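These are my notebook entries on one structure. I record what I looked up and in what order.

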Amino acid sequence: MNRFFDLPSDLQHSWFGLIGLHLREALLPVLAGLVVALPVAQLCVRFRWLYPPVLGLTTVLYAIPSLAFFVVLIDYTGQTELTVMIPLAVYSLVVLVPAIVDGVRSVPQETLAAATAMGFGPVRRYFQVQLPIAVPAIVAGLRVATVSSISLVSVGMLIGNQGALGNLLNDANIYHRPELAVNSVVTTAALAILADAALVLVRLVLTPWMPRGTRRVRRTRTATARPEPAAQPVLEDAVR
Amino acid sequence: MNVLNFVNAFFSDGAHWHGYDGIPTRLAEHVQYSLIALAIAAAVALPVGLVTGHYGRGGNALALIATAGRALPSFGLLVLMVILVGFGMVPVMVPLVVLAVPPILVTTYEALRSVDPSPVDAARGMGMHESRILFRVEVPVALPLILSGLRSAAIQIVSTATIAAYIGVGGLGRYIIDGLYQRDYEKVVGGATLVAVLALATLGVFWGAARVAVSPGVRRGA
């Protein structure tokens with residue numbers, strides 16, 4: 001066990017270095033996905049006819065396997081980090097667009113009317129009313145995107161050791177050191193769970209108005225439209 | 001360098017169409033792994049999701065299990081399993097099942113929770129037994145969502161079964177992994193295309209299944 005953190009020198013990184021690399025390769029694509037998804041989702045909300053084709057396209061994009069996506073990109077971006085990050089950004093985009101669209105759509109009509117009556121223009125209404133109310137749905141999408149992104153980076157090992165913590169798996173094989181594989185899996189899973197918890201905290205901070213312990217509220221099966229109940233099935237919808 | 005040229009070259013080469021490394025063999029292996037993994041995952045996740053969704057309990061526990069399942073890296077799990085139990089089908093199935101359980105579990109639970117409570121109450125008022133309420137009222141209404149959870153799981157399995165080739169079993173991943181090591185880019189792109197097509201075919205199969213299985217009334221409402 002004392003060799004658990006004693007990484008072979010061919011990785012050219014310490015354990016913390018690999019974690020940093022892993023987080024960068026996993027989180028930058030999610031951020032890029034979010035930046036692209038927000039305007040795309042807004043367009044889909046604005047022009048309803050746009051949503052079904054966009055949804056179809058994203059479902060098809062999500063069906064492209066990561067390894068296939070990586071190797072096709074090698075042709076253009078070489079065996080680099082970028083090759084790993086582009087597919088992850090696309091997957092994040094695919095998860096986030098439906099999550100944001102359904103979140104923004106779940107804002108009650110009366111709330112929008114109230115904002116308009118208060119003199120909010122469309123831009124201010126979007127940023128100060130629709131987006132904050134859609135936060136639970138958006139964060140739910142971000143959680144799925146982040147966790148799967150962190151787990152997928154490891155596959156990058158297969159294309160020229162671009163897998164950050166996943167590179168430990170190869171070293172575990174070639175140096176016969178199984179503890180390195182355990183290290184890789186445990187560290188990656190821990191990173192994913194911590195990132196997930198961090199996003200839950202972000203949601204709690206951003207949505208002070210939401211009742212704590214949402215599940216209990218839901219069990220009463222009230223018919224009133226709450227953003228959160230809508231968010232969960234939608235989120236799984238997005239993962240397809 | 002054009003990807004389409006590689007695709008064309010790969011598929012027009014007659015040698016790729018027969019033998020133990022031919023496209024039909026590899027495709028059959030891939031489909032076989034995917035079906036077994038999906039069957040195991042569904043056998044585990046569907047009953048749990050149906051029961052918890054029906055009684056509306058354990059949602060938080062399910063969410064925790066789902067997060068843990070998603071957090072485990074499939075590729076890492078694959079390599080780790082080989083180290084722990086040796087080569088064979090078990091190391092391939094474990095990551096695929098772990099990958100497929102969360103979407104089936106969570107979607108099934110949420111699907112049953114999203115069923116309109118009034119018909120369920122009506123069924124209960126008519127004296128229907130709990131299991132009949134579940135299978136005659138709740139499941140038909142929730143079927144589109146349940147199917148989409150299965151679809152999500154199936155697509156992820158088909159995509160991820162590719163990495164099984166890394167530990168020496170068959171499947172379409174063989175072309176990608178072998179091609180990478182042999183620097184045979186044509187083979188890599190051909191394999192990638194096949195996996196993508198298979199994933200899209202899975203999408204189509206589930207679309208068809210939803211057309212057949214979902215009752216017209218439910219479909220119109222959705």
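Entry 1, terms and model. I call a residue buried if 20 or more other C-beta atoms lie within 10 Å of its own, exposed if 12 or fewer, and partly exposed in between, with C-beta atoms placed from the backbone. By this rule, buried residues make up 46% of the 222 residues in chain B. I note that the model is predicted, that local features need pLDDT of at least 70 and side-chain atom pairs pLDDT 80 or more, and that totals for chains, interfaces and linings use all residues. Residues are numbered from 1 along each chain as its sequence is written, while chains are lettered from A and ligands numbered from 1 in the order in which they are written.

I looked up the secondary structure, where helices (H or I, at least four residues) and strands (E, at least two) are DSSP runs, numbered from the N terminus. Chain A has ten helices and zero strands. Chain B likewise has ten helices and zero strands. Of the 240 residues of chain A, 46% count as buried. I found that the C-alpha atoms of chain B fill a box of roughly 65 × 40 × 30 Å along the principal axes.

Among contacts in chain B between residues at least 6 apart in sequence, 75% join residues at least 24 apart. For chain A, the corresponding share is 72%.

Is B:L78 buried or exposed? B:L78 counts as buried because 24 C-beta neighbours lie inside 10 Å. Leaving aside residues up to four places away in sequence, I list its contacts as B:P91, B:P95, B:I163, B:A164, B:Y166 and B:I167. Of B:L78 and B:I163 I noted that 85 residues separate them in sequence, yet their C-alpha atoms are 8.3 Å apart.

I examined α3(B) and α5(B), which pack at an angle of about 155° with their axes 8 Å apart. Axes here are lines fitted to C-alpha atoms, for helices over the stretch in contact, and angles run from 0 to 180 degrees between N-to-C directions. The angle therefore makes α3(B) roughly antiparallel to α5(B) (under 35 degrees counts as roughly parallel, over 145 as roughly antiparallel, 65 to 115 as roughly perpendicular and the rest as oblique). The contact includes B:G59, B:L62 and B:A63 of α3(B) and B:V98, B:V101 and B:P102 of α5(B). I recorded ten nonpolar residues, two polar and one charged in this contact (Ala, Val, Leu, Ile, Met, Phe, Trp, Tyr, Cys and Pro count as nonpolar, Asp, Glu, Lys and Arg as charged, and the others, Gly among them, as polar).

I found 45 residues of chain B in contact with 40 residues of chain A. The largest share of this side of chain B, eight residues, comes from α9(B). The residues on this side of chain B divide into 28 nonpolar, 14 polar and three charged.

An unreviewed UniProt entry places "domain: ABC transmembrane type-1" at residues 27-206 of chain B. In the model, that span is 83% helix and 0% strand. The UniProt annotation "transmembrane region", also unreviewed, covers residues 31-50, 157-177 and 189-210 of chain B. I note that such annotations may be inferred rather than shown by experiment, that feature names are shortened, and that positions follow the numbering used here. Residues 31-50 of chain B are 100% helix, with end C-alpha atoms 27 Å apart. Residues 157-177 of chain B are 43% helix, with end C-alpha atoms 17 Å apart.

Key: Contact = placed C-beta atoms within 7 Å.
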